[in-house]
Structure formats: structure tokens, C-alpha cells
Amino acid sequence: MLQINIKKKAFGNKTVLQDINLSISENGIYGVVGKNGEGKTTFFKIITSLVNYQGTISYQNSTIKHNEIAFFPTEVPIYDELTATEFSDFYKELLNLKIKNKSNLFDVAQDKLIKTFSTGMKKKAYMNAVFQKEYPIYIFDEPFNGLDLESNYLLMNYIRELSKNSIILISSHILEILYKDCNKIFLIKNTAIKEFEKEQFFKIEEELFLK
């Protein structure tokens, strides 16, 4: 179980999230939606302990650990002066992974410097490296941005496979993608988070845009 308790997260005088209590008890895909600036990325950074906040995040009744979460931010942190192979090897050494010759999800030029890559290709190289390890929790912040149609197809299929054994949190501006696969969708609005079950998804757009 992933238990999320956020008493308050503020930047200066601006409160972004407050009085949040969420429990995710089953593996699967869980969407996170909200207008720009409502706190989606902040919410993800809280779970991954990348920002300070008031509250607690726990997994299986223990304080969540960094090695239990794979985080894929919108703009991936990747070393431009390495090749794709060198970055994968660096990531493997950083986590002391013992795996050998794990196949990549995406076809990326392995011997070229990452600084020569497009935004989408950098994202693919980063994902290939992170996917070398299996995690109980995956967080994807707008993962489809910058990827071509085929890559989006491959990624979504892989996310479906991961969700059989892991909790997946994913944000996207393309609501139809989330409607199809999510167990629940969390809407962030006015510092609060509202849960929608599958049979309630039709209400999300009205909540987002009309109120």
C-alpha cells in the first residue's frame, strides 16, 4: 500500500497542496490530472522526497525509500557528455545493479553523445537506463511529450506490463489515454485532490473546466 499524507506544501505564501490523504492499495495505473500550476509536478516531487513538505509518505507501512521509486520527470536529467551506453552503465553502477545485457525498450544510437540527441531521443535514453531495474512504484510526469507515435505506443504497452506488479502514477494532458487504462484518476485543483473511480471518469472534464 502507498499511503500519501500531505498536511501542507507551500512556496512562500502560496499554498499548493493541503490536507491530502490518499491510499493506493493495489497495483495498477493511477492518473493524475490538473491544469498547469495546480501542483501535479509538486505532488510527484513530494512522493519522491525531492521537495520539503509537511506530512508523510509510506509504502507497505514504512517510510518510502528512494530505491522503491522510479521517477520520470517531464524534462529528464541526463548527462549530455556521455553516450547512451555510458549513461546506462553509469546508472547501473550508481544503483549497483548486477544485471547483464538487458534489452532496451527503445532503439537509441548507443555510441553517439547524448548532447546530439533530440528531446525525444534523450527521453528514450533515460528511460532505457531507468528500466534496467524493477521498482514497486513508477511515477511518469507527462511521459508522452516529445515522443513519436510508435514510441508512445511502446511506452504505454510497457506501462501496462509494469502495472501488473507495480503502482504506476502518470500525468498526461491527453485525458483519453488515462481514461482507457487507469484504475483511478486523481484531480488536483485548488490545493486539494479529488479521487474518481472508473465509472466517474466522465465527470472529470466538467470538474476541470466548468467549475
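1. Let's start with the aromatic cluster: Phe72, Tyr79, Phe87, Phe90, Tyr126, Phe131, Tyr135, Tyr138, Phe140 and Tyr158 together form one. Rings of Phe, Tyr and Trp (its six-membered ring) pair if their centres lie within 6.5 Å; planes under 30 degrees apart count as stacked, over 60 as edge-to-face and the rest as tilted. By this rule the model has 14 aromatic pairs.

2. Before going on, keep in mind that this is a predicted model, so local features need pLDDT of at least 70 and side-chain atom pairs count only at pLDDT 80 or more, while totals for chains, interfaces and linings use all residues. Residues are numbered from 1 along each chain as its sequence is written, and side-chain values use heavy atoms, with hydrogens and water left out.

3. A pair of aromatic rings is described by the distance of the centres and the angle of the planes. How do phenylalanine 72 and phenylalanine 131 pair, and what is the angle between the planes? They form a tilted pair, 5.2 Å centre to centre with 45° between the planes. This pair links distant parts of the chain, 59 residues apart: phenylalanine 72 sits in strand S6, and phenylalanine 131 in the loop between helix H3 (119-130) and strand S7 (137-141). (Helices, H or I with at least four residues, and strands, E with at least two, are DSSP runs numbered from the N terminus.)

4. Buried means under 20% relative accessible area, exposed over 50%, and partly exposed in between (1.4 Å probe, protein chains only).

5. Tyrosine 79 lies in the loop between strand S6 (69-72) and helix H2 (84-94) and is partly exposed, at 48% relative accessible area. With Phe90, Leu94 and Leu95, Tyr79 makes a nonpolar surface patch of about 390 Å². Patches are made of residues with over 30% relative accessible area and no salt bridge, joining like charges within 9 Å and nonpolar side chains (Val, Leu, Ile, Met, Phe, Trp, Tyr) within 5 Å. The areas come from the Shrake-Rupley method with a 1.4 Å probe, and for residues only the protein chains shown count as cover.

6. Now the charges: the structure holds 8 salt bridges, each a side-chain nitrogen of Lys or Arg within 4 Å of a carboxyl oxygen of Asp or Glu. One of them joins lysine 164 and glutamate 161, with the closest N and O atoms 3.0 Å apart. Lysine 164 is exposed at 54%, whereas glutamate 161 is partly exposed at 43%.

7. Lysine 184 and glutamate 195 form another, with closest N and O atoms 3.1 Å apart. Lysine 184 is in strand S9 (residues 184-189) and glutamate 195 in strand S10 (residues 192-197), so the bridge ties together parts 11 residues apart in sequence. Lysine 184 counts as buried at 19%, and glutamate 195 is partly exposed at 32%.
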